[in-house]
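Hello,

Here is the structure I promised to pass on. Please open it and keep it beside you while you read my notes below.

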Amino acid sequence: REMTTQQRVRVTALAAFVRPVSSENVKHRKRGGRADLRSIFGRIPVIPFSDDRNRLSLPIGVDREKFLDAELNLKCIYDQAVDHLENDEVQEALDLFDGVLKNHKEKYGEVHHLVGTALHNKGLIYLYAEEYKMALPLFQEAINVRTAALGPEHPDVSASLIKSGLVLLAQEDFDGSLVILCQVLRARRKTLGYDHPQVASILNNIGCVHYECGGLLASLKAFEEALEIQRNALMKSPKDCIEVGISSTLCNIGFVYFKRKEYAEAIVALEEGLQIQRKVLGHLHSTVHTTVENLALAMAAANIRPEDSANTKSTLAKMTEMYMDMLKCN
């Protein structure tokens, strides 16, 4: 059930949908504060590249006062845009951001961090819609605006660079994607050091590109380096977000081992990742279900049956038996 490169990029295109901060605290962000990220789909893909709501029915044309001062209404506007995307209403989401972008340009001029964020998010929508030729110039313009407004080493510049790398990945320009991601890696190491979780996230992205183009050894090396950074960061500052990152990297490592038919190593990595996910996300989370499926497939390939509890057969055991039967048929 492995996804294509384009499907995986589409799933992860909106993993970091940035809600802009106000002008009052932009100075803090210039000193390196993190962007305010919002969960869209509420799950972490097995191969991540790195934002649950009730639907709003108000169309963009009904309340034009929302755009008289878009900065004061950004939360409402962004929530509506996300609702539209959740319902695959791409044009409606684009219309909202066209209004935001026009408002910001009129109020602040062409070079402002809010203009850069609106451009970035328009690019995300086109990336989600698989319209790569429309997405790439928007990310490039966002890079230029953000660089001029915030400086070349600001994390928002890196965010737009990473998404432009995703566009190239979706177009199967693996070399171009790696060039951009390595550029971001150098910039993040320069400003944050070698042991920062954001550096691990970029290494994870690089590992994903290597994986997509068949470079399993290079992919594994990047994932293992990311995992070491994440484990060290967790010891210094225990946080759920770091643990979730560790679990994702472990699952990536398990996936690479599975592709290399090294099933014992894949099972070890997936089991540890699953244990962390259950602790942080709970047993019913969709990410946990995906990891159980992958672990069951690895166990079936290795002809290993998980132990059941005294009275019931676990979901993992049931899935493993199912995959064993499928493999026998093949």
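**What I found**

This is a predicted model. The chain has a mean pLDDT of 76, and 75% of its residues reach 70 or more. Residues 14-70 have a pLDDT below 50. In the model, that stretch has 143 contacts beyond near neighbours in sequence.

**The chain overall**

The chain has 330 residues, and 51% of them are buried. It holds 14 helices and 2 strands. Its accessible surface comes to about 15,900 Å². Carbon and sulfur atoms account for 52% of that surface.

**The cores**

Nonpolar side chains tend to be buried together in soluble globular proteins. Which residues touch the most other members of the largest nonpolar core? They are Leu119, Ile125, Leu127, Val167 and Ile206, in a core of 50 residues. Among the elements that give two or more residues to this core are helices H3, H5, H7 and H10. There is also a second, separate core of 17 residues. Leu220, Leu250, Phe255 and Tyr257 are included in it.

**Helix H10**

Look at H10 next. It has 21 residues and reaches 30 Å from its first C-alpha to its last. That is close to the 30 Å expected at 1.5 Å a residue. Its buried residues include Leu216, Leu220, Phe223 and Ile229. H9 and helix H11 are among the elements that cover the buried residues of H10.

**Salt bridges**

Side chains of opposite charge can pair when their charged atoms come close. The whole structure has 7 salt bridges. Here are three of them.

- Glu225 and Arg189 meet through their side chains at 2.8 Å, N to O. Glu225 is in helix H10 and Arg189 is in helix H8, so the pair ties together parts 36 residues apart in sequence. Glu225 is partly exposed, at 29% relative accessible area.
- Glu272 and Arg231 meet at 2.9 Å, N to O. Glu272 sits in helix H12 and Arg231 in helix H10, so this pair ties together parts 41 residues apart in sequence. Glu272 is partly exposed at 28%, and Arg231 is partly exposed at 32%.
- Glu262 pairs with Arg260, with the closest N and O atoms 2.7 Å apart. Glu262 is partly exposed at 23%, and Arg260 is partly exposed at 32%.

**One buried threonine**

Finally, find Thr291 in helix H13. Is Thr291 buried or exposed? Its relative accessibility is 1%, so Thr291 counts as buried. Leaving out residues up to four places away in sequence, Thr291 touches Cys251, Leu270, Leu274 and Gln277.

Best wishes

Key: Residues numbered from 1 in each chain as written. Predicted model: local features only at pLDDT ≥ 70, side-chain atom pairs only at ≥ 80, totals over all residues. Heavy atoms only, no water. Helix = DSSP H or I, 4+ residues; strand = E, 2+ residues; numbered from the N terminus. Buried < 20%, exposed > 50% of the residue type's maximum accessible area, 1.4 Å probe, protein only. Contact = heavy atoms within 4.5 Å. Core = buried A, V, L, I, M, F, W, Y, C linked by side-chain atoms within 4.5 Å. Expected span 1.5 Å × (residues − 1). pLDDT = per-residue confidence, 0-100. Areas by Shrake-Rupley, 256 points an atom, 1.4 Å probe, with all protein chains shown as cover. Salt bridge = Lys/Arg side-chain N within 4 Å of Asp/Glu carboxyl O.
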